[in-house]
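Please look over the protein chain shown here before reading on, and keep it in view while you read the report.

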Amino acid sequence: MYQVIEGIISPVNDNYGKKDLVSAHHRVAMARLALQTSNWIRVDPWESEQPRWMETVKVLRHHHSELLRSLAQMKGPDLGKTLSAPAAVPELKLLCGADVLKTFQTPSLWEDTHIQEIVEKFGLVCVSRAGHDPKGYILDSPILREFQHNIHLAREPVQNEISSTYIRRALGQGQSVKYLLPDAVIAYIKDHSLYTKGSSWKGKGKGS
């Protein structure tokens, strides 16, 4: 049984090479606006501010080291007790959709050593997606199967198939995304003319 302490949103670096990727400073700003009312999820711009794109495992290593550093800086009489009890030390896990789990099977997309480090050292929390079989993906992969005890499949009582791709497409077609995004984010998108036909964010990808 886990107690969630904090959630971290880490916008990807501009050099990731994904087609139609809007500039990082816009993505960080929109994420912060979307989280104005959240008291447990925060945006960390570190990944987006690096001089080049970094693999997921390296981003996890950074946040894990920051977590350990913050623990070491804790002050108070309970510090020794906290650090000596393994069960009390916070863990860092990668939250992803089942579609990401499937990409582990794509040849040359992920390094096997990176996949193993992610699932063995950190672990995954995988959210279901329509048309995907996360249990099947785990059984089909020797690495995922070996460390399946560290892969947690989240059960959603209410299925939500809204995706960022769908929202970007709707915006590009001039459709309303009211109630799909916070009003502050919609206003930001409008003010900066993002995700619209002919806007400067299009066609910047170089391929991953």
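## The model and its confidence

This is a predicted model, in which local features need pLDDT of at least 70 and side-chain atom pairs count only at pLDDT 80 or more, while totals for chains, interfaces and linings use all residues. Residues are numbered from 1 along each chain as its sequence is written, and side-chain values use heavy atoms, with hydrogens and water left out.

The term pLDDT stands for the predictor's confidence in each residue, on a scale from 0 to 100. For the protein chain the mean pLDDT is 89, and 88% of its residues reach 70 or more. Over residues 200–208, however, pLDDT stays under 50, and for this stretch the model has 22 contacts beyond four places in sequence, a contact being heavy atoms within 4.5 Å.

## Overall make-up

The secondary structure of the protein chain comes to 10 helices and five strands; these are DSSP runs numbered from the N terminus, with helices (H or I) of at least four residues and strands (E) of at least two. Among the contacts in the protein chain with a separation of 6 or more, 68% are between residues 24 or more positions apart.

The protein chain has 208 residues, and buried residues make up 33% of them; buried means under 20% relative accessible area, exposed means over 50%, and partly exposed lies in between (1.4 Å probe, protein chains only). The accessible surface of the protein chain comes to about 13,500 Å², of which 54% belongs to carbon and sulfur atoms. Such areas come from the Shrake-Rupley method with a 1.4 Å probe, and for residues only the protein chains shown count as cover.

## Salt bridges

Side chains of opposite charge can pair when their charged atoms come close. A salt bridge is counted when a side-chain nitrogen of Lys or Arg lies within 4 Å of a carboxyl oxygen of Asp or Glu, and by this rule the count comes to nine salt bridges. One of them joins the side chains of Asp-14 and Arg-27, at 2.9 Å from N to O. Asp-14 lies in the loop between strand S1 (7–9) and helix H1 (24–34), whereas Arg-27 is in helix H1, so the pair ties together parts that are 13 residues apart in sequence. Asp-14 counts as partly exposed, at 38% relative accessibility, while Arg-27, at 12%, counts as buried.

Another salt bridge is formed by the side chains of Arg-42 and Asp-44, at 3.1 Å from N to O. Here Arg-42 is partly exposed, with a relative accessible area of 32%, and Asp-44 is buried, with a relative accessible area of 13%. Salt bridges that share partners join Glu-6, Arg-42 and Asp-44 into one network.

## Aromatic pairs

Rings of Phe, Tyr and Trp (for Trp, its six-membered ring) pair if their centres lie within 6.5 Å; planes under 30 degrees apart count as stacked, over 60 as edge-to-face, and the rest as tilted. A search of the whole structure finds two aromatic pairs. The rings of Tyr-16 and Trp-53 have centres 5.9 Å apart and planes at 45 degrees, so this pair is tilted. The pair links distant parts of the chain, with Tyr-16 in the loop between S1 and H1 and Trp-53 in the loop between helix H2 (46–49) and helix H3 (56–72), 37 residues apart. Tyr-16 is partly exposed, with a relative accessible area of 31%, and Trp-53 is partly exposed, with one of 30%.

In the pair of Phe-104 and Trp-110, the ring centres are 4.7 Å apart and the planes stand at 85 degrees, so the pair is edge-to-face. Both Phe-104 and Trp-110 are buried.

His-114 is found in helix H6 (residues 112–122) and, at 11% relative accessibility, counts as buried. Leaving aside neighbours within four places in sequence, His-114 is in contact with Glu-55 and Val-57. Gly-136, placed in helix H7 (residues 134–140), is buried, with a relative accessible area of 15%. The C-alpha atoms of Gly-136 and Lys-102 are separated by 9.3 Å, although the two residues are 34 residues apart along the chain.

Ile-162 lies in the loop between strand S5 (151–154) and helix H9 (164–172) and is partly exposed, with a relative accessible area of 40%.
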